[in-house]
Amino acid sequence: MPEGSSEQQQLRLLQAALDHINQGFTAFDGELRLVGRNKHFFDLLEFPEHLAEIGTHFSEFMRHNAERGEYGDGDIETLVSERVEIARSFRPHYLERVRPNGDVIAVKGDPLPGGGFVTTYTDITDQRQREEALEQAVAERTSDLRHSEERLRLITDAIPALIAYIDTRPCYTFANRRYASWFGLSVAAMQDRPVVEVLGESLFEELEPRIERALNGEEMTYEYRRKGPSGAYADMRSTLLPDVDPAGMVRGCFVLSLDVTEQNQREAALRQSQKMEAIGQLTGGVAHDFNNLLTIILGNLKDVKARADDDEDLVELVEPAIEAANRGASLISRLLAFARGGAVDPRPIDVAATLNDLARLLRRSLPSSIEIVVQIKDAPRPTRVDRSQLENALLNLALNARDAMNGSGRILYAVGEERLEAERAAELELQPGDYVRIDVEDDGMGMSEVTRQRAFEPFYTTKTFGAGNGLGLSTVYGFARHASGTVALRSQPGDGCCITLYLPCADRAGTDSAPDEAFEDPDATPLAEGQGELVLLVEDDAAVRAVVRRQLIDLGFSVLEAEDAEEALEMIRSIGEIRYLVSDIIMPGEMNGIALARQAKSITPTIKVGLISGFAQGQDREALAGCPFPVLPKPFATEALAGLIGRSA
Ligand SMILES: Nc1ncnc2c1ncn2[C@@H]1O[C@H](COP(=O)(O)OP(=O)(O)OP(=O)(O)O)[C@@H](O)[C@H]1O
Ligand SMILES: [Mg+2]
């Protein structure tokens, strides 16, 4: 076989191999004449077969392309010569060409060592399509995400909580509007801000250990106090929730903070009012028992004194005892004033006039180094209270102010009207409405935090033994609460004290004064003197009964005794001569003194009733509501009992 034919054989084999490749292939020599190509090149670029001829000039291909519009608009010759020119430079090149039919062809050319160049053509249409689809999907996802992020922001901005996300640096990567504005920043300004910059050095130092623990995967909840954007201190309760990835790594933590200032204040106020309520019940009960005891002590001591008229030694012993028991009785009545509001005779009172009178009295009795100032802001409407209780309260406050001063200073009484809207009223535990507001302000030494919290408790005093009983402010508190008002307190150590009384304006003051009118000033009523008339005395405590019985006998009455209502009713039914019924109000058994009195009246209409009570100071307002019988508080002197019988109805 001639050599040529084996060479041709090899060439054919080579061509077959080239045709087998899944890429187009061409080789041009230094003159830009085609020296090699494969079948795929023609398939891919749809060149006519005649161009496949070895030796075809490069420009023929360019012309064919230009003519069929592959290079866009323009002069054919120019389009061709430009390309030929570039090809002549034989520089390596890569380009992606989009054919009019949309196919994307990657063209990669490299010079050949002896001149000319070899080029491969790859169809990357699918690849490009996949990439584009991917890009589109990514763009859509991003837009979805942005949308859901916006929704999330809308939601987090609407929630009344401070929400943020801290990464491990630690910097903020998210903060809702509330969070940002709480720190005086915009949401955008929070982005990527170091936590220390936002919290400030000192707060960061305080919270850093917690943030660190949260970033170590521990959920943390804690409270702290910080000056809020308004300048007022706020209590914040924060939870740090670690954000852990599926591999268990902490990526950062969510921060959820709530302003719990109001909640804390409400809880503290509730605790305070529950405490006062409990103390009120306790002292009320104790006072009731003490009144019974004092009735016995005083009654018997007075009896001893009466019998010891000519024995001076005995009188000397008895008198201080009576004096002490009387002091005890007045203490108890102050206690009851706290617990039950005291015996009251509410009338519309002009507070401004009362203050002016009181100021006059105080100027006379306090040292002249203490200035008393009365400030009346547009004369307020009257308030329905017991005048002597109001005076007593204002006097107590003046005495406290005096005691808080070092001999000299200023006491300011300011009075005006204030309308309490729902929110402020709720804070003060009052009904919304118009109130007479009295501020009693001094420039004394002020109160410590502990004193401020306990000042209204009965028996809380910082004064030395004997100098104070700790009943002044509790009486003021009891008076104000029972007048449907309240008392508030503002004081700093070393910076004076201001006590504010709120009392409802008269036109909306409670109308529950009926029971109180049952209490009358015992001194102002005619004293009864007995002529042996029959009195039925009903009292469950035997010792008290013995004292009252003696007092009645001293007054000239004959006395029958009963231990409870049932026994009393039996006596009334069988003994028509009973003229008076003197009964305790609170008694064991079904029936109290008031019910007994009503029944007695239905049996013997002419019977006259007077009631005695250990609470006797607004106790059981409901039971006493509309009670037509006079009531005498225990303990009482014989004259007061005479007054009760004189008023009996
Ligand atoms: N204006 C004031 N300035 C400073 N501290 C006061 C003032 N008013 C009251 N306090 C404090 O509150 C405590 C309780 O006062 P409160 O009037 O109830 O009792 P007291 O004055 O100690 O005794 P009492 O009034 O029974 O004689 C006082 O002991 C005092 O520490
Ligand atoms: Mg006092």
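Predicted model: local features only at pLDDT ≥ 70, side-chain atom pairs only at ≥ 80, totals over all residues.
Let's start with confidence. The chain has an average pLDDT of 87, and 93% of its residues score at least 70.

## A parallel sheet

Now to the sheets. Strands in a sheet pair through backbone hydrogen bonds, and they can do this in a parallel or an antiparallel way. Here is a parallel case: five strands make an open sheet, ordered β19-β18-β20-β21-β22. At its edges you'll find β19 (558-562) and β22 (631-633), each of which pairs on one side only. On average, neighbouring strands of this sheet are turned by 25° against each other, ignoring direction.

Zoom in on one pair. Strand β18 (residues 534-538) runs parallel to β19 and is joined to it by five bridges. Which residue in β19 is the bridge partner of Leu 534? That's Ser 558.

Helices pack here too. Helix α17 (residues 542-554) lies across β18 and β19, and runs at about 160° to β19. Helix α21 (residues 638-647) touches β20 (578-584), β21 (608-613) and β22, with its direction at about 170° to that of β22.

## An antiparallel sheet

The chain also has an open sheet with antiparallel pairing, made of five strands in the order β7-β6-β10-β9-β8. β7 (172-175) and β8 (220-227) sit at the edges with a single partner strand each, so one side of each has no neighbour in the sheet. From one strand to the next, the twist averages 25°.

Strand β6 (residues 162-167) and β7 run antiparallel and are joined by three bridges. Ala 164 has Ala 175 of β7 standing opposite. Across β8, β9 (233-244) and β10 (250-259) lies helix α10 (residues 261-307), which runs at about 120° to β9.

## Helices α3 and α4

Helix α3 (residues 58-67) packs against helix α4 (residues 76-88) at an angle of about 140°, and their axes are 9 Å apart. Why do we call the two oblique? An angle has to be over 145 degrees to count as roughly antiparallel, and theirs is about 140°, so α3 and α4 are oblique to each other. The crossing is right-handed.

On the α3 side, the contact includes Phe 58, Met 62 and Ala 66; on the α4 side, it includes Leu 79, Val 80 and Val 84. Sorted by class, the residues of this contact are eight nonpolar, one polar and four charged.

## Helices α18 and α19

Helix α18 (residues 565-574) and helix α19 (residues 593-603) pack at about 15°, with 10 Å between their axes. That angle makes α18 roughly parallel to α19. Their crossing is right-handed.

Who meets whom? From α18 come Ala 565, Ala 568, Leu 569, Ile 572 and Arg 573, and from α19 come Leu 596, Gln 599, Ala 600 and Ile 603. The classes in this contact are seven nonpolar, one polar and one charged.

How values were computed: Residues numbered from 1 in each chain as written. Chains lettered and ligands numbered in written order. Heavy atoms only, no water. Pairing = 2+ DSSP bridges. Helix = DSSP H or I, 4+ residues; strand = E, 2+ residues; numbered from the N terminus. Axes fitted to C-alpha atoms, helices over the stretch in contact; angles between N-to-C directions. Contact = heavy atoms within 4.5 Å. pLDDT = per-residue confidence, 0-100. Parallel < 35°, antiparallel > 145°, perpendicular 65-115°, else oblique. Left-handed = near helix turned anticlockwise from the far one by under 90°. Nonpolar A, V, L, I, M, F, W, Y, C, P; charged D, E, K, R; others polar.
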